[in-house]
Amino acid sequence: MNKKIAVLLGGTSPERNISIISGSCVLKSLLKSGLNAHPIDTRDFPIMHLKKQKFNTAYIMLHGKGGEDGSIQGVLEYLNIPYTGSKIMSSAISMDKFRTKQLWRSHSLLTAPNIYLHRNYKKTTSFSLIRKKIVTLGLPVIVKPNCQGSSIGITRVNSIEDLDHALNVAFFYDNYVLIEKFLTGEEYTVPILGDKILPAVHVSTKHQFYDYHAKYLSHTTQYTCPSKLNIQQETRLKKIVMSAWNILGCSGYGRIDVILHENKKFYLLEVNTIPGMTHRSLLPISAKS
């Protein structure tokens, strides 16, 4: 029987536009392969109606909240519809940057030192104490929403005077914010497909960091694959990435971002359980190499 595939895209998260582009690319590929695939924008289509419309498989291309956080996975499991990507728990944990890093650190994997804040932190902690903690981390720092992707709401803070504005931007997108020490080094992303680690991609940008503009708009961002890491570094990186992936219980396909710090050690940045599939996306670049 020719399965009827729902390509879930769009949605209501701040990453909606990227999701539509990614989903359209996936849809085009599935149709080109002769599969019975249809675009479903979850903003406008009640997910509970998938069964009524005779869909029996879902390809999730929803980025951010409502797509990568385990919620849509839970609905699909209730409907008994198989879907792509990680399951409920691993999706939920991976979306939460703070808890992801806690798990990684508990297994002796390196991540940047950080400070975790709730929107109402001023009721329990003075702003001056936060500033002192940041001075201890050392400037610059990266301020980011805890559960958000595509570098949305992220600010690099070079001066303590810019901290308040950066927090306001991040809290616009989430009730929890992560302040991380900015790690200087070379950035790589490593895609995973099934139980296979794909070739690492080296990311180079002229921006202060790999922000939204660098990811989706800039024509100066460069992607190098193969990454030009030496054999020992490649072997070490693959081991770290597979360990990080398995610790979270992820499955299907995804991507893990890392920094090769100036101290020659790899630091884990974050995991993406539903990576982009646009013409600029890194998993397709790696898979083609």
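Reply: A salt bridge is counted when a side-chain nitrogen of Lys or Arg lies within 4 Å of a carboxyl oxygen of Asp or Glu. The model is predicted, so local features need pLDDT of at least 70 and side-chain atom pairs count only at pLDDT 80 or more, whereas totals for chains, interfaces and linings use all residues. Residues are numbered from 1 along each chain as its sequence is written, and side-chain values use heavy atoms, with hydrogens and water left out.

By this criterion the structure holds eight salt bridges. In one of them, the side chains of D174 and K65 meet at 4.0 Å, N to O. This pair links distant parts of the chain, 109 residues apart: D174 is in the loop between α6 (163-173) and β7 (176-181), and K65 is in the loop between β3 (57-60) and α2 (71-78). Helices (H or I, at least four residues) and strands (E, at least two) are DSSP runs, numbered from the N terminus. D174 counts as buried because its relative accessibility is 8%, while K65, at 36%, counts as partly exposed. Buried denotes under 20% relative accessible area and exposed over 50%, with partly exposed in between (1.4 Å probe, protein chains only).

A further salt bridge joins D41 and R16, at 2.8 Å from N to O. Since D41 belongs to strand β2 (residues 36-41) and R16 to helix α1 (residues 16-32), this pair ties together parts that are 25 residues apart in sequence. Both D41 and R16 are buried.

R255 and D257 also form a salt bridge between their side chains, at 3.2 Å, N to O, and both residues are buried. Finally, a network of salt bridges links K101, K144, E180 and E270.
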